[in-house]
Amino acid sequence: MKHLILASASSRRKQLLEMLGLEFSIYPSDIEEKISAGLTPQKQVEALSRQKAEAVGKKFQNSLILAADTMIAFGNEVIGKPKDEKDAKRMLQKLSGTKHSIVTGFTLFDTDTKKMVTKSTETKIWFRKMTVKEIEAFVKKEKPLDKSGAYAIHELAAVFIEKIEGDCNGAIGLSVFHLAKELKTFGIEVL
């Protein structure tokens with residue numbers, strides 16, 4: 001059986017794979033993530049996950065590489081990770097009282113056969129209106145600089161979320177449903 005390699009340092013993705021009972025190694029990709037203005041959020045995360053899978057795949061043989069990318073879509077705008085606390089506050093103020101989407105893409109890449117499968121999911125999130133004081137306290141407490149949109153739905157930001165529609169695990173960082181389905185095509189059974 002091929003060795004599964006997670007091309008990500010995300011603790012959330014690691015936890016989701018562990019939940020599935022999969023054996024895997026972690027080898028984060030070192031690509032510079034660049035957002036392309038002409039691509040939809042779905043195409044963005046798919047392209048980035050492919051780039052990460054290919055970059056890590058060059059370093060291994062007899063392996064199946066799993067790479068993923070997550071970002072926030074707000075209308076036509078793509079929101080990545082904040083540069084600093086001021087940027088995090090700006091992002092949260094923009095999302096306050098609105099509906100937006102969390103888009104996650106993943107790629108599975110077989111280093112021997114070069115077979116590659118890429119999928120993406122969209123999860124709609126409704127935030128309640130937040131006060132400036134709440135946003136400042138949240139950013140100070142959570143330090144959300146490593147999260148797209150400056151928050152994670154399964155952490156303290158849950159107090160701001162009125163409604164979620166779609167794939168919850170996809171919003172956390174990896175669609176377990178779609179991943180299990182695609183792993184089967186590579187000969188890896190989850191159950």
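Reader: Which residues are buried in helix 4 (residues 132–142)?

Author: Ile-135, Phe-138 and Val-139 are buried there. Buried means under 20% relative accessible area, exposed over 50%, partly exposed in between (1.4 Å probe, protein chains only). Helices (H or I, at least four residues) and strands (E, at least two) are DSSP runs, numbered from the N terminus. This is a predicted model: local features need pLDDT of at least 70, side-chain atom pairs count only at pLDDT 80 or more, and totals for chains, interfaces and linings use all residues. Residues are numbered from 1 along each chain as its sequence is written, and side-chain values use heavy atoms, with hydrogens and water left out.

Reader: Back to the buried residues of helix 4. Why do they line one face?

Author: Seen down the axis, the buried residues of helix 4 fall within an arc of 95°, so they line one face. The arc is that of the directions from the helix axis to the C-beta atoms. An α-helix has 3.6 residues a turn, so residues three or four places apart point the same way.

Reader: Which residues are exposed on the other side of helix 4?

Author: Lys-133, Lys-140 and Lys-141.

Reader: And what do the buried residues of helix 4 pack against?

Author: Helix 3 (85–95). Contact means heavy atoms within 4.5 Å.

Reader: OK, helix 3. Which residues are buried?

Author: Asp-87, Ala-88, Met-91, Leu-92 and Leu-95. They cover an arc of only 135° around the axis, which puts them on the same side of helix 3.

Reader: What covers them?

Author: The cover includes strand 3 (63–74), strand 4 (77–79), strand 5 (99–110), strand 6 (116–127) and helix 4.

Reader: What happens at the start of helix 3?

Author: A side-chain oxygen of Asp-84 reaches to within 3.2 Å of the backbone nitrogen of Lys-86.

Reader: And what follows helix 3?

Author: Gly-97, with a positive phi near 70°.

Reader: Switching to Leu-145. Where is it found?

Author: In the loop between helix 4 and strand 7 (161–165). Leu-145 counts as partly exposed because its relative accessibility is 35%.

Reader: What is Leu-145 in contact with?

Author: Beyond its neighbours within four places in sequence, Leu-145 is in contact with Lys-81, Pro-82, Asp-84, Glu-85 and Ala-88. Leu-145 and Glu-85 are 60 residues apart in sequence and 7.1 Å apart in space, C-alpha to C-alpha.

Conventions. A polar contact is a pair of N or O atoms within 3.5 Å; within protein, one must be able to donate a hydrogen and the other to accept it, and residues adjacent in sequence count only if both atoms are side-chain atoms.
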